[in-house]
Amino acid sequence: MKGVLILIALISAMPVAAQVLTSTSKGVVAAHHGVIELYDSRGRRVWSAPGLETPTSIIAGHDAVALLDAWTNRARVISLANGLGETLATNETPIGGVFLGGELYVLERESRTLTRRGKSIALAADPAFIGASNGLIYVYSRVEGRLQEIDPESLELLREVRVEPFASDMEIDGRTPYLIHPRAAKLTAVNLETLTAQTTAAGGTPIDIAIARSASALSATTLAIADPGA
């Protein structure tokens, strides 16, 4: 606990601009001021390496992390083992992504694309959230409320389903994506086996969701919903 508090203090001392952090299997990764650093569970710095000047998000994989810069349309993939990495150009406005099979897939909002090393697939308008389940990629686009299922190998669209538009968050638990809709005050659960959606009322103005993980795989999924309007 002491190490975590030290790490929080170190990060809090950094200027607010252009800093992102995430938890990984190796520790906490923090990116700021053109550098990226890995801290262990005691708050000790393991390594420091070149990053990006204005990182806007960070994606954690099993063996690597990826920094995204939505201002300059760049990504930097960095090994968790030693901090070595490479910088890649992206399409317009990279906002998220996933690691799957050791490959980075980048979600690019303004160009409406999902890209893996220069190869892209066109998406619906305003792609906002991305996740993976059972070896497939799922992208939710807000304007039309479309959840699209994509084969990562061929980058081809397999299936899609229409749900409520303008979701503010998506989380995937096993074979079920959950989407929260502030304007409609609803929660949508999608069955990926049948690709059908079920929507229920969810408070006043729900804006964010989190999945509470259980130690038992047989336990029912528990969702935490942030609802400042309730």
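What share of the contacts in the chain with a separation of 6 or more comes from residues 24 or more positions apart?

**Figure 1. Overview of the predicted chain.** Residues 24 or more positions apart account for 33% of the contacts with a separation of 6 or more, a contact being heavy atoms within 4.5 Å. This is a predicted model, in which local features need pLDDT of at least 70 and side-chain atom pairs count only at pLDDT 80 or more, whereas totals for chains, interfaces and linings use all residues. Residues are numbered from 1 along each chain as its sequence is written, and side-chain values use heavy atoms, with hydrogens and water left out. The chain has one helix and 22 strands, these being DSSP runs numbered from the N terminus (helices H or I, at least four residues; strands E, at least two). Of its 230 residues, 47% count as buried, where buried means under 20% relative accessible area, exposed over 50% and partly exposed in between (1.4 Å probe, protein chains only).

Figure 2. A pocket is defined on a 1 Å grid over the protein atoms alone as an open set of points where a 1.4 Å probe fits, with protein on both sides within 12 Å along at least five of seven lines, and its lining residues have an atom within 4 Å of a point. The largest pocket has a volume of about 240 Å³, the volume being the space filled by probe spheres set on grid points that are joined across faces, edges and corners. Its lining comprises 17 residues, of which Leu-88, Leu-104, Val-106, Arg-116 and Arg-117 lie nearest the centre. Strands S7 (74-79), S8 (85-89), S10 (103-108) and S11 (113-116) each give two or more residues to this lining, and S10 gives the most, with four. By residue class, the lining divides into seven nonpolar, five polar and five charged residues (nonpolar: Ala, Val, Leu, Ile, Met, Phe, Trp, Tyr, Cys and Pro; charged: Asp, Glu, Lys and Arg; polar: the others, Gly among them).

**Figure 3. The largest nonpolar core.** A nonpolar core is a set of buried Ala, Val, Leu, Ile, Met, Phe, Trp, Tyr and Cys residues joined through side-chain atoms within 4.5 Å. Of the 15 residues in the largest one, Tyr-140, Leu-147, Met-170, Leu-179 and Val-190 touch the most other members. At least two residues each are supplied by strands S13 (127-133), S14 (136-141) and S17 (169-173), and the largest share, three residues, comes from S14. Apart from this core lies another, of 13 residues, among them Val-29, Ile-36, Leu-52 and Leu-80.

**Figure 4. Arg-146 in strand S15.** Arg-146 lies in strand S15, residues 146-151, and is buried, with a relative accessible area of 17%. Its side chain makes a polar contact with the side chain of Glu-160 at 2.9 Å; such a contact is a pair of N or O atoms within 3.5 Å, of which, within protein, one must be able to donate a hydrogen and the other to accept it, and residues adjacent in sequence count only if both atoms are side-chain atoms.

**Figure 5. Ser-168 and Ile-207.** Ser-168 lies in the loop between strand S16 (156-162) and S17 and is partly exposed, with a relative accessible area of 28%. Although Ser-168 and Ile-207 are 39 residues apart in sequence, they are 5.8 Å apart in space, C-alpha to C-alpha, and the side chain of Ser-168 reaches the backbone oxygen of Ile-207 at 2.6 Å.
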